Amino acid sequence: MTSSSNSRATLFRIAFFVLLSLIGGVAFSGCAFLGDESIVSGKRRPVLESATIEIQADVQAKPTPSPSQNGFESERRWGPYNDWEPAIAIDRKNDHVYQLTTRYDGPEPCKRCAGPYIIFRRSSDGGATWEADQFLTPFRKSHNDPQIEVAGDGTIYAAWLNDYVPGVKFVKSADGGMSWTAPIAITAKSTKPNWSDKPVLAVSADGKDVYITFNASASYVAASHDHGATFSQPIRTSNDKRYWFHTGGAAAPDGSVYFAVTDYSLDYTGDAHINVLKSIDGGANWATTRVDTSKEAPRCDWSPGCYLGFFGPSAVLAIDSGGTIMLAYNAGDIAGAPQRMWVRTSNDGVNWSERRKISNGAPAVNNAFPALAAGPRSGDFRLAWQDDRNGSATAWNTWYRRTADGGASWSEPVRVSDQPGGAPYKTAAGYAFPYGDYFEIAVDADGRTHLIWSEGASYSGRGGTWYTRELSGR
């Protein structure tokens, strides 16, 4: 080869590697320029390089009564891994309990798979013991924000976020989670929105109607009326420049469907609003009702990784067998001050009762991240949330209350996170910080409440997923 050929080859290789570098840079930063919209979510965090198995964690395989005799079993950690933002569903016909969690370390589902992953587990004895962990689906892109529901015939429906692109995916299982259908992507690169974040799943009792809300800055809903075989093109339900977060949803006995959603400014400053979406025509049209307004959330930068907005309003809802809708959410009346937990009820999702404070009354206590479920009987609702009444920045706990009369009266608060140890971030007073933006609650056929949540050392972790259930139904 001549020297001039060598020079041209060298120049070509240099140009080629420069081009690859440019492509890599665009790919790395491109998520901020998807379509005509930008991703401003503070809800996602990278995998920590130091995320190794926490061998000092105490994992209890079988239940024992709570040390504080609170009517629940002693809380049990799912496993020794770095888990957060779990979900739970119960098949009331056969006592099967299903759970999902987001896992940042541990075994990988495939070579070069990007964590975190969604882990599935099943109990066939009502949550007493658990079968081996399974990966929900192996994909190379990161997994977040799991959702799980069970229809009356036992079919399991699940959704999660497979990175921002392709975004929300959906699967179902007809055999108790032994196998799953091929995933369906709810958004596509060729249509708007071409990315998505934070799904919420609602399923009718017969499983025919499946609704998935998500945000792409704006609020969107996709619907299926063939048991999740196909989904409609997502419908946009907001028309402003704010960021919308869905955190709860349910289908009513009369066929209507509702979602709880909050909206923020793009930098989380200023007021936030608590809203309810409603559809009475199978998701073809949606109406939005603003239920309340909250002042700017308190800051949390004293916890590593935490950002303004993390303690901002989060809203959940549930519908009882009589069609009563209950909405639970945290909100504040003073900018930057700790927020309270509130509940309201409605018969139509549009007209709501006056809000009622359900949380600790002390003004210095932070209250956040509600979880709500309806029990087997009309007027029966179960509510849980996290607060730091035992010591701000050092002692958070998960608390539980219930009502049997639609919210007219409530049981006294029960502290369900009462293990004095079992992980480095736990003490007799509580855990160091809530781990993730949400957790879930479910009720079985016997009326027992099941709770799953995450605790950690800080917003950035490490942490783990914890579970408990009532000793008996009532």
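1. Going by the distance between cysteine sulfur atoms, two disulfides are counted in this structure, which is a predicted model. When the bonded cysteines of the protein chain are numbered in sequence order, the pairing reads 1-2, 3-4.

2. The link of cysteine 110 and cysteine 113 is right-handed, with 55 degrees about the S-S bond.

3. Another disulfide connects cysteine 300 and cysteine 306, with an S to S distance of 2.0 Å. Here the torsion about the S-S bond is about -85 degrees, so the disulfide of cysteine 300 and cysteine 306 is left-handed. Cysteine 300 and cysteine 306 are both buried.

4. Turning to the strands, β24 covers residues 397-403, and seven of its seven residues are buried. Both of its faces are covered, with Asn397, Trp399, Arg401 and Thr403 buried on one side of β24, and Thr398, Tyr400 and Arg402 buried on the other.

5. Which strands does β24 run antiparallel to? Strand β23, residues 381-387, is joined to β24 by seven bridges in an antiparallel arrangement, and glutamine 386 stands opposite threonine 398 of β24. Strand β25, residues 414-415, also runs antiparallel to β24 and is joined to it by two bridges; in β25, valine 414 is the bridge partner of tyrosine 400.

Technical notes: Residues numbered from 1 in each chain as written. Predicted model: local features only at pLDDT ≥ 70, side-chain atom pairs only at ≥ 80, totals over all residues. Heavy atoms only, no water. Disulfide = S-S within 2.5 Å. Buried < 20%, exposed > 50% of the residue type's maximum accessible area, 1.4 Å probe, protein only. Helix = DSSP H or I, 4+ residues; strand = E, 2+ residues; numbered from the N terminus. Pairing = 2+ DSSP bridges.
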